Amino acid sequence: MDISELESFADTLKVKFALPGTASPEDQLKSVVAELVKSAGTAYGLTVETRTETHLSEHKVRPDIAVYVGGLICGYIELKARVSEPTHQNSRATTTRSSGKSSKVCQT
């Protein structure tokens, strides 16, 4: 994969996020990230395919992107919205998961 593909990825994201209106940030990333992963696989001579919102009922989760290499599942990608920067130098940013538990995601 060369730098031009990464530049194209960045340009595509800029266009998507510059559109008027509101939408789920994570959802806007899915297709663009999936194409980047496929492109990276091609650069290494691999056949990479992706599927979004794969259901893993045994774990009760739905990863954003499932990655297949040569037709076999290789892994999953879970996208998360960016956490806002803490406003105070010693503050901590936290996120609440669907379980209701709070977890530390960054600390300054």
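**Exercise 1.** Which residues does Thr54 touch, not counting residues up to four places away in sequence?

*Solution.* The model is a predicted one.
Step 1. Locate the residue: Thr54 sits in the loop between strand 1 and strand 2.
Step 2. List its partners beyond four places in sequence: Thr54 touches Val61, Arg62, Pro63, Ala66 and Tyr76.
Step 3. Classify its exposure. The relative accessible area of Thr54 is 11%, and buried means under 20%. Thr54 therefore counts as buried.

**Exercise 2.** Determine the backbone angle phi of Glu53 and of Lys60, and state whether each residue is buried, partly exposed or exposed.

*Solution.* Step 1. Take phi for each residue. Glu53 has a positive phi of about 50° although it is not a glycine. For Lys60, also a residue other than glycine, phi is positive and near 55°.
Step 1. Glu53 belongs to the loop between strand 1 (48-52) and strand 2, and Lys60 is found in the loop between strand 1 and strand 2.
Step 2. Apply the cut-offs: exposed means over 50% relative accessible area, and partly exposed lies between that and the buried limit of under 20%. Glu53 has 26% relative accessibility, so Glu53 is partly exposed. Lys60 has 78%, so Lys60 is exposed.

**Exercise 3.** Identify the residues of the largest nonpolar core and the elements that supply them.

*Solution.* Step 1. List the members. The largest nonpolar core has 9 residues: Leu13, Leu29, Val32, Val33, Ala34, Val48, Ile65, Val67 and Leu79.
Step 1. Assign them to elements. Two or more residues of this core come from each of helix 2 (25-43) and strand 2 (65-69). Helix 2 gives the most, with 4 residues.
Step 2. Examine one member. Leaving aside neighbours within four places in sequence, Val32 is in contact with Phe9, Thr12, Leu13 and Lys16.

**Exercise 4.** Find the residues that make a nonpolar surface patch of about 270 Å², and classify the exposure of Leu6.

*Solution.* Step 1. Name the patch: Met1, Ile3 and Leu6 make a nonpolar surface patch of about 270 Å².
Step 1. Locate Leu6, which is in helix 1 (residues 3-18).
Step 2. Check the accessibility. Patch residues need over 30% relative accessible area. Leu6 has a relative accessible area of 38%, so Leu6 is classed as partly exposed.

Key
Residues are numbered from 1 along each chain as its sequence is written. This is a predicted model: local features need pLDDT of at least 70, side-chain atom pairs count only at pLDDT 80 or more; totals for chains, interfaces and linings use all residues. Side-chain values use heavy atoms; hydrogens and water are left out. A nonpolar core is a set of buried Ala, Val, Leu, Ile, Met, Phe, Trp, Tyr and Cys residues joined through side-chain atoms within 4.5 Å. Buried means under 20% relative accessible area, exposed over 50%, partly exposed in between (1.4 Å probe, protein chains only). Contact means heavy atoms within 4.5 Å. Patches are made of residues with over 30% relative accessible area and no salt bridge: like charges are joined within 9 Å, nonpolar side chains (Val, Leu, Ile, Met, Phe, Trp, Tyr) within 5 Å. Accessible areas come from the Shrake-Rupley method with a 1.4 Å probe; for residues, only the protein chains shown count as cover. A salt bridge is a side-chain nitrogen of Lys or Arg within 4 Å of a carboxyl oxygen of Asp or Glu.
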